[in-house]
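Dear colleague,

Please find below the structure that I am handing over to you, together with its sequence. My notes on it follow directly after.

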Amino acid sequence: MSEQPLFSVRNPWFAASVGITLAIAVLAALAGLIWLPLAQPDLKLTGIWDAICSAAGVPRAAREQPSLQPTFKTSTVVMTPAMLRRSDPVSIGRGATLAQRCAICHGPQGVSDANSPNLAGQYAAVTYKELNDFKSGARVNAVMSPFAANMGNQDMLDLAAYYAYLPRVPSDRADTNAAAPPIVTTGAPMRNIAPCGACHGDFDTKAGSPWLGGQSAVYIKAQLQAFASGTRHNDISEQMRNIARNMTPAEIDAVAAYYEAQP
Amino acid sequence: MLINKRLILAHFWLAFAVFGLALLLGAWQMFERSPLNAWHLDPEFYYRSVTAHGSVMGYVFPTLIAMGFGYAITEASLERPLIGARWAWAGFLLVAVGAVVAMVPVLLGLASVLYTFYPPMVGNPFYYIGVVMVVVGSWIWVALMAINFVAWKRDNLDRPVPLAMFANVAGAYLWGWTAVGAALEILFQILPVALGLRTTIDAGLARVFFSWTLHAIVYFWLIPTYIAYYTIFPRAIGGRLYSDAMARIAFILFVVVAMPIGVHHLFADPQVGAGFKFMHSVFTGLVTLPTLLTVFTICASAEIASRLRGGRGAFGWLSALPWSNPIMLATALSLVMLGFGGAGGIINMSYQLDSTIHNTQWITGHFHLIFGGAIVIMYFAIAYDLWPHLTGRALDSFGLMRTQLWLWFIGMIVTSFPWHYVGILGMPRRMAFYDYADPAIAPQAFSVSMSVVGALILLTSGVLLLIVLIRGQMAPRREEGAYRFAVAVHAPARIPAALNSFGLWLALMVGLTVVNYGFPIAQLMVLKGTNVPAVYVGAAQ
């Protein structure tokens, strides 16, 4: 084979390939980083260096503008994998003691007919988040807010662990043969509504979404209406408000009745 | 001469087995989201299926074909046993085990993140670990190809490396470097989050790393096809390769410019500057050159074969080609699909045109036409050509082969042309459900249904492929003689060192990577506040 050294400017293959590659790279850089940005008056560039920085994607400080703050508190809870871990028996035991004072509305076994949420078997992350939101004022309820106001973080963890530990009890109105309404199975993509079942059970659950099976229809309907009107606003990133606003009253009724009948 | 036949056969059989399963999933997906199906399932199942289909078709199937074909090329073209056959088996096992490790969490619904990972979505760590095992297995192949290449050169100082081996090593080096991007993404961005060590992820940086892999991986898939064009096709139709040097230059161009162009997949991403998007677009334009060179050389080689067979006239020679030969048929059909797919690709690489079809079904149609069509049909041809030499048995169900190839071609056109069309109408990709009752998308219902018909034709073709290969495995024994590659019209006796080695081209490849990716990556690594909370997929189960 050829004895000529490969990496030498006297090797025509080396000179040509490196030269052409460099020339294309330099021309592309000149066009992409200088000429094209300067050709766009909307960018309001101050010079060549500004053009290069802009085209290279260096972030430019935005003009100081007061950001719009909501007039109400929003949830400060961040969902982390730690919330999904199983709790230890000590935590569950402490939670059982603390839960004595919740029993009047939520039932001694976490189930009640008072149209308040059934907490037995609810995911710990869900109970913990709601207690946090009641405490911070992100969610307001005349009965729950005072209860949560004096709870410490460990109290909330323990209560959540206890209720997650309790077995779910089928509702009095259970009907597992009820056909799932379309909003649960398919959502309404053209209205940006994901299927309820993809997060709230039936098909799948997502971290932080409550299990809705066996919850009171009255309660589910009231919460959807509260999300739709904005009086409840502790959903992270407005997930539920955006969905509930786009649901029809008939769909809200169907969902409430369906989940009440589920195990 | 082929010595490690079981090794090569194992690669091909595993490749076609997983291909068959993934093809089934693909056909189901086409049906699932079409108006022919009354929607009744959790969309989660659709994404599970898409993840499995993409991971198998993108990572496992073509990697196994490239590896198996690479070992065959090494032994047949260098005419000596493969160095490191035990390592090759180890690589094969890593790929096989990695595929299982990755697929189990996907099938359990713990990693429905699609094969492109899409951070900040994060799935079960075993999915990523499985993918890494597949990549590491293929890196063993990369190392073996380099070792065999260097060892042969040392023992044959006065001879040029055979074209097939040169091209094969080009593909190996390209893959070795291009897989680094996804490896960096998985090891430093995704796995720490999947393992619970961190809860936030720099999705923008992760996407830039993935783009490093995402485009050149296509050329890694493509190279076995191009090797078949250059070194199998002319011999199979009784002709000669038009130019050995042109072929080498085409493969070298792939090595140099196939990789630092991936940002054209990120045209709609805000974290990369417009200037770098432009530079990547320019180099993406360059990568059409080796394909245009190839189309010219292959057509010229076909013309040589035809004129040797008595073909005449400006176009009359086309009819004198041996159309009943499956390799002839596969190559012609492949070039037609490459033409349409390539034209679509030029639209994707230009910033303004891309904005009309970005993230639409056009893109899915495009890469199915190029990869599933032009590339995979040549994988079939490679298998048909190699099979008798690997099994030592006759493979002569030519009618069935032709039917299979035609069905694959027709199926792919019927699937992907309507797919492109609905993309132009604005149908988004990566969605499990479309409400065809809505007047806005009702006109797309017919085209989507057409794609389902195409998918069924493809499925039929896939079944025929397996029938042909199984029949070949059970046919009576027959001695096939040595496996040969095409000879060039002017067989190279002495060629410049640049066309017989990779040092210069690898230096240019790495240099261009630094030029085109260096600043965007460095900047994103330095920027504070770019991490976002991870979205855990299947975490609640």
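A salt bridge is taken here as a side-chain nitrogen of Lys or Arg within 4 Å of a carboxyl oxygen of Asp or Glu. Please bear in mind that the model is predicted.

By that rule, the count over all chains comes to 19 salt bridges. One of them joins R232(A) to E130(A), with the closest N and O atoms 3.2 Å apart. R232(A) sits in the loop between helix 10 (217-229) and helix 11 (239-245) of chain A, while E130(A) belongs to helix 5 (residues 124-136) of chain A, so this pair ties together parts that are 102 residues apart in sequence. Both residues, R232(A) and E130(A), are buried. They also belong to a network of salt bridges that links K129(A), E130(A), D133(A), R139(A) and R232(A).

In chain B, R48(B) and E44(B) form a salt bridge at 3.2 Å, N to O. The two residues lie 4 residues apart in helix 2 of chain B, about one turn of the helix. R48(B) is buried at a relative accessible area of 16%, and E44(B) is buried at 9%. A further salt bridge connects R484(B) with E79(B), the closest N and O atoms being 3.1 Å apart. Because R484(B) is in the loop between helix 16 (445-474) and helix 17 of chain B and E79(B) is in the loop between helix 2 and helix 3 (85-107) of chain B, the pair ties together parts that are 405 residues apart in sequence. Here R484(B) is partly exposed, with a relative accessible area of 47%, and E79(B) is partly exposed at 42%.

Turning to the interface, 45 residues of chain B are in contact with 35 residues of chain A. The area buried between the two chains is about 3400 Å², and carbon and sulfur atoms give 76% of that area. Helix 2 (43-78), helix 10 (274-286) and helix 17 (503-526) of chain B each supply at least two residues of the side that touches chain A. By class, that side of chain B has 30 nonpolar, 8 polar and 7 charged residues.

Two further points concern chain B. N124(B) caps the N-terminal end of helix 4, with a side-chain oxygen 2.8 Å from the backbone nitrogen of F126(B). N168(B), found in helix 5 (residues 163-194) of chain B, is buried with a relative accessible area of 3%. Beyond its neighbours within four places in sequence, N168(B) is in contact with G70(B), I73(B), T74(B), W141(B), M145(B) and I227(B).

With kind regards

Methods
Residues numbered from 1 in each chain as written. Chains lettered and ligands numbered in written order. Predicted model: local features only at pLDDT ≥ 70, side-chain atom pairs only at ≥ 80, totals over all residues. Heavy atoms only, no water. Polar contact = N/O pair within 3.5 Å; in protein donor to acceptor, adjacent residues only side chain to side chain. Contact = heavy atoms within 4.5 Å. Buried area = accessible area lost by both parts, 1.4 Å probe. Nonpolar A, V, L, I, M, F, W, Y, C, P; charged D, E, K, R; others polar. Buried < 20%, exposed > 50% of the residue type's maximum accessible area, 1.4 Å probe, protein only.
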